[in-house]
Amino acid sequence: MRARRHAERGLLLAVCGLLACDVATGPRRQSSYPFDLASTGLVFHWPADRLPVRFWVDPDAGPVRAYVSDGLREWAAVFLYGEFRGVLVEDAAQADVLVEVNGATPPDVPRTNDPPVGACGGVTSNDRTPDNRLTGPFRVTLTWDGRFPATDVANCLHRVAAHELGHTIGLLQHSNSTLDLMFAFPEVAAPSPADRATVEILYHTPATLVPAARPE
Amino acid sequence: MITDRLSREPTLPIHPSSVRHGLTVAIVAGATLGAPAASAAQVTVSARLGLVASTALLEDSIVEAISLRPNTAPSLGITIDTRLDPQYAVGAGFAVSRSDLRSRAASGDASVTTLTLWHPSIFLRYGANPWLGLEARAGALIYDPSTTVGNLFSGGAPVAPVLGLAASAERPLGSRLLAGLALQYDVHRFTTSTLENRGYSGSTVVHRIGVTLTLRHQITHARPTTR
């Protein structure tokens, strides 16, 4: 009987402990930077019914396919609730984003932790209709400069590919901080806390620019 | 070659999912194998089939309010118990439920993952009268997301202690079979390593209620021995 009383008291204490504080409190998030299309205020992000977003990489782009794969993983890992995810596809006609390299296939060498060098560049483009619909897939064009050592080119393309992916998921402006992947001349290869805060806010802000319809 | 391979295996990381499944299998096996020791008393095995609903695992705010809650889930369970006296019985049980974990916000709902919950427990059962039973339970709730969309479980899925109560009404279906309806309630705390790493503090108290159909089979009677 005494053992039973002890058990009942223990159960009561355990329940009280469980119920003591009932809500997880969210963190104070990093400040964000603007993500709308400059001078228009238009906001773009992929809607849930377009996930996973399909990325195609030109087979002649060599190691860039792996850089895009890394970038997709990095950006998807930013989201707690799966607001964005992307996959690589083989068919350009079915893709939402096309990634190409301008010029020769870049060198496929291991990346290093050397300081960032501007040995490459990238541009992301798309057009829109008057009613604010994208006219087709995003086009990412990467360039590289053969006068730089191969490792600098590899490091640079890895950073810039991840940066351009940031534009394709809706970050349509640049950050002013060199610590952020979305700085105009990226010096880091992964999203920073400010990149994360910005993209989290973006994906919970109503979009005013919608993607082009997918080909059947 | 085989020897070489075997010698390397202990250095491989153990998959957390294997550990969880091993743990639950061990608990159920232990409960089942332990039953014959109590065979002098009355041992009852029951199967449970039902539905379980849960409150939100997390309430967040990013521009808009976001609630993370599993859909109502079908659940399946087994228990085994043995009588301590005419009114009390102790036992062990194991249940599993599977549902879609969804984030819900004004901008829309989205599936985060398919969530399987493994629930081993031990319980004390009180027979208030021949047709009404009350149970107090303690156990663990093992989160097992099948896919990781988003980052919520990327740092590992939680194993949470859980406490619960249940009331069941039963009627006999023959000499050794009882059919019944049970109402269950349990409570646990939820957080994940990823949330903690991202600066979320505290954890959410999660309440679950369930309705189950039970079928109990009495497999052993106390019999006086004569020599």
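How many residues of chain B are in contact with residues of chain A? In this model, 35 residues of chain B are in contact with 24 residues of chain A, contact being defined as C-beta atoms, placed from the backbone, that lie within 7 Å. The model is predicted, so that local features need pLDDT of at least 70 and side-chain atom pairs count only at pLDDT 80 or more, whereas totals for chains, interfaces and linings use all residues. Residues are numbered from 1 along each chain as its sequence is written, and chains are lettered from A and ligands numbered from 1 in the order in which they are written.

The side of chain B that touches chain A draws at least two residues from each of β2 (58-62), β3 (64-70), β5 (88-105), β6 (108-129), β9 (177-190) and β10 (204-220) of chain B. Its largest share, five residues, is supplied by β2(B). By residue class, this side comprises 16 nonpolar, 14 polar and five charged residues; Ala, Val, Leu, Ile, Met, Phe, Trp, Tyr, Cys and Pro count as nonpolar, Asp, Glu, Lys and Arg as charged, and the others, Gly among them, as polar.

Chain B contains three helices and 10 strands, taken as DSSP runs (helices H or I, at least four residues; strands E, at least two) and numbered from the N terminus. Their order from the N terminus is α-α-β-β-β-β-β-β-β-β-β-α-β. Of the 227 residues in chain B, 37% are buried, that is, have 20 or more other C-beta atoms within 10 Å of their own C-beta, placed from the backbone.

Strands of a sheet pair through backbone hydrogen bonds, either parallel or antiparallel; here, pairing requires at least two DSSP bridges between two strands. In chain B, β7 (residues 132-145) and β8 (residues 159-172) run antiparallel and are joined by 11 bridges, with S168(B) in β8(B) as the bridge partner of G133(B). β8(B) also pairs with β9(B) in the antiparallel sense, over 11 bridges, and A167(B) stands opposite L183(B) of β9(B). These two strands, β8(B) and β9(B), form a hairpin with four residues between them, and G174(B) in the turn has a positive phi of about 110°.

Chain A has an open sheet of five strands with mixed pairing, in the order β2-β1-β3-β5-β4. Its edge strands, each pairing on one side only, are β2 (86-89) and β4 (120-125) of chain A. Within this sheet, β3 (residues 97-101) and β5 (residues 138-144) of chain A pair in the parallel sense over five bridges, and F138(A) in β5(A) is the bridge partner of V97(A).

Methods:
A residue is buried if 20 or more other C-beta atoms lie within 10 Å of its own, exposed if 12 or fewer, and partly exposed in between; C-beta atoms are placed from the backbone. Two residues are in contact if their C-beta atoms, placed from the backbone, lie within 7 Å.
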